[in-house]
Amino acid sequence: MFLLYEYDIFWAFLIISSVIPILAFLISGVLAPISKGPEKLSSYESGIEPMGDAWLQFRICYYMFALVFVVFDVETVFLYPWAMSFDVLGVSAFIEALIFVLILIVGSIYAWRKGALEWS
């Protein structure tokens, strides 16, 4: 019997998932317009003429809020598989998850006290 029989679906998925992006890239290269007009060379894609200075100063709190959001988004990614197999893992996994959540709560309190989560 063939040794890698169980991996046929894996190899098919790997080949298909490799071919689709390559085909999309090649088709976009063939179908993309070659000529570069003034619209294509402009740096504004919305079609609205710019008014005023293009250099705006952004407040750092928006970036800090985005980073805090990413941290809690990653938290849910790690907690979902744990929640799905909670009955099998036992008490030690529950304690580890509590420690993980506690670390994230302490981090969010630290970010809040530093002013990263304020919108004033």
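What pLDDT does the protein chain average, and what percentage of the residues score at least 70? This is a predicted model, and the protein chain averages a pLDDT of 77, with 75% of the residues at 70 or above. Colour the chain by that score before going further.

**Whole chain.** Show the cartoon. The protein chain has five helices and zero strands, so the order from the N terminus on reads α-α-α-α-α. Of the 120 residues in the protein chain, 8% are buried.

**Helices α1 and α2.** Select residues 8-31, helix α1, which has the highest mean pLDDT among the elements, 90. Then select residues 38-41, helix α2, where the mean pLDDT is the lowest, 68. Where pLDDT is low, the predicted coordinates should not be read in detail.

**Annotated spans.** An unreviewed UniProt entry lists residues 12-34, 60-83 and 89-112 under "transmembrane region". Select residues 12-34: the chain there is 87% helix and 0% strand, and the end C-alpha atoms are 35 Å apart. Move to residues 60-83, a span that is 100% helix and 0% strand, with its end C-alpha atoms 35 Å apart.

**The α3 and α5 pair.** Select helix α3 (residues 60-84) together with helix α5 (residues 91-113). Their axes lie 11 Å apart and the packing angle is about 170°. The two helices, α3 and α5, are therefore roughly antiparallel to each other. Show side chains at this contact: α3 contributes V68, V71, F72, E75, F78, L79 and W82, while α5 contributes A93, F94, A97, F100, V101, L104, S108 and A111. Colour the contact of α3 with α5 by residue class: 13 of its residues are nonpolar, one is polar and one is charged.

Note on methods. Residues numbered from 1 in each chain as written. Predicted model: local features only at pLDDT ≥ 70, side-chain atom pairs only at ≥ 80, totals over all residues. Heavy atoms only, no water. UniProt positions renumbered as here; feature names shortened; annotations may be inferred. Helix = DSSP H or I, 4+ residues; strand = E, 2+ residues; numbered from the N terminus. pLDDT = per-residue confidence, 0-100. Axes fitted to C-alpha atoms, helices over the stretch in contact; angles between N-to-C directions. Parallel < 35°, antiparallel > 145°, perpendicular 65-115°, else oblique. Contact = heavy atoms within 4.5 Å. Nonpolar A, V, L, I, M, F, W, Y, C, P; charged D, E, K, R; others polar. Buried < 20%, exposed > 50% of the residue type's maximum accessible area, 1.4 Å probe, protein only.
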